[in-house]
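This report describes a ligand shell and a set of helix contacts. Please keep the sequence and the structure in view while reading.

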Amino acid sequence: MIRVKNLDKYFGNFKALDNVNLNVPKGSIYGLVGPNGAGKTTLIKHLTGIYKQNNGDVEILGEKVYENINIKSKIGYIPDDLYFFPQYTIKNMASYYKRIYSDWNEERYQKLKKVFEIDENKKVNKLSKGMQKQVLFWLTLSIMPKVMILDEPIDGLDPLMRKKVWNLIVEDVAERETTVLISSHNLKELENICDHVGIMHKGKMLIESNLDELKSDVHKIQIAYKNDFPTNLDKELKILYKEKRGSIYLLIVKGNREKIVSTFNKYNPIILDILPLSLEEVFIYELGGAGYEITNIIF
Ligand SMILES: Nc1ncnc2c1ncn2[C@@H]1O[C@H](COP(=O)(O)OP(=O)(O)OP(=O)(O)O)[C@@H](O)[C@H]1O
């Protein structure tokens, strides 16, 4: 649905995107994460046809995006820097969107009025930043997009509105199989909503993964043996991290859960608990092994 292959982008001599690959399947919610300057907005500006790449392909719905008006009309884009025409009220903006986007849905626009509760006769530029973002969500959802590309979408929204917006996105994906890409600094916030995640750092895509697969492959385990920790276990299992807390070991182990448990059980532990692992932790241990200072990347 969204496909980026070997994408390079230079600003002068500076390589802002370096051989980036990205795949977002239809009907999925993809979280694009990375620290300031990682290249998220630059990548998004290629996905929305604003920038032309130096090398590589950028396709949405099987078509190249750049200078493709048909594809652009199917994309709902919320940029990090909002722009509205001066003097336009929400109603004026809605009429403008209605003219530009052929799939505009008036019924949905009217329905969403009750969710956002902002007077549509107000001038958009006079609204607070958070309210302007709400207006953009309202308009974007009303164009019935096939693809939504959201750059830091909930920044500036209050907690209640964040919840409402996440719900609207999830509902839209469930009902219409919309494909969504969301950029954020915050893995924790994306964890509950995304099914795929890509982590960018210094213009590169470090890791792209399906969350369920990723989570089912790394386990946090608390274990204690009557005697010393069996040294064989270090050879038999892929232990990414080991810490001793009194007589109990805290371990991060990669691999199949059943196989890991049966291997530990061979040596008769007196305690064996499998603890929940957050997405942040999965990435820390997965990428830590690759030599990245992952805590600097994620937090
Ligand atoms: N128009 C431009 N001209 C020159 N350099 C640019 C331009 N746009 C972005 N860059 C550079 O490209 C790099 C990536 O910037 P980008 O805005 O894509 O990062 P980001 O991941 O979105 O960061 P943030 O989380 O801070 O929004 C940065 O080093 C930035 O300075």
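Are H4 and H5 roughly parallel or roughly antiparallel to each other? They are roughly antiparallel, and the section on helix packing gives the reason.

## Basis of the description

The model is predicted, and for that reason local features need pLDDT of at least 70 and side-chain atom pairs count only at pLDDT 80 or more, while totals for chains, interfaces and linings use all residues. Residues are numbered from 1 along each chain as its sequence is written. Helices (H or I, at least four residues) and strands (E, at least two) are DSSP runs, numbered from the N terminus.

## Annotated region

An unreviewed UniProt entry lists residues 2-227 as "domain: ABC transporter"; UniProt positions are given here in the numbering used for the chain, feature names are shortened, and annotations may be inferred rather than shown by experiment.

## Ligand surroundings

Around the ligand are Phe11, Phe14, Ala16, Gly34, Asn36, Gly37, Ala38, Gly39, Lys40, Thr41 and Thr42, where a residue is near a molecule if its C-beta atom, placed from the backbone, lies within 6 Å of it. Strand E2 (14-24) and helix H1 (40-47) each supply at least two residues of this shell, and the largest share, three residues, comes from H1.

By class, the shell has four nonpolar, six polar and one charged residues. In this scheme Ala, Val, Leu, Ile, Met, Phe, Trp, Tyr, Cys and Pro count as nonpolar, Asp, Glu, Lys and Arg as charged, and the others, Gly among them, as polar.

## Helix packing around H5

Helix H4 (residues 106-116) and H5 pack at an angle of about 155 degrees with their axes 9 Å apart; axes are lines fitted to C-alpha atoms, for helices over the stretch in contact, and angles run from 0 to 180 degrees between N-to-C directions. Angles under 35 degrees count as roughly parallel, over 145 as roughly antiparallel, 65 to 115 as roughly perpendicular and the rest as oblique, and H4 and H5 are therefore roughly antiparallel. Their contact is made by Arg108, Tyr109, Leu112 and Phe116 of H4 with Gln134, Trp138, Leu141 and Ser142 of H5, two residues being in contact if their C-beta atoms, placed from the backbone, lie within 7 Å. By class, this contact has five nonpolar, two polar and one charged residues.

The axes of helix H3 (residues 90-100) and H5 come within 11 Å and cross at roughly 30 degrees, which makes H3 roughly parallel to H5. Ile90, Met93, Ala94 and Tyr97 of H3 meet Val135, Leu139 and Ser142 of H5, a contact with six nonpolar, one polar and no charged residues. For helix H5 (residues 129-142) and helix H6 (residues 159-176), the axes come within 12 Å and cross at roughly 15 degrees, so these two are also roughly parallel to each other.
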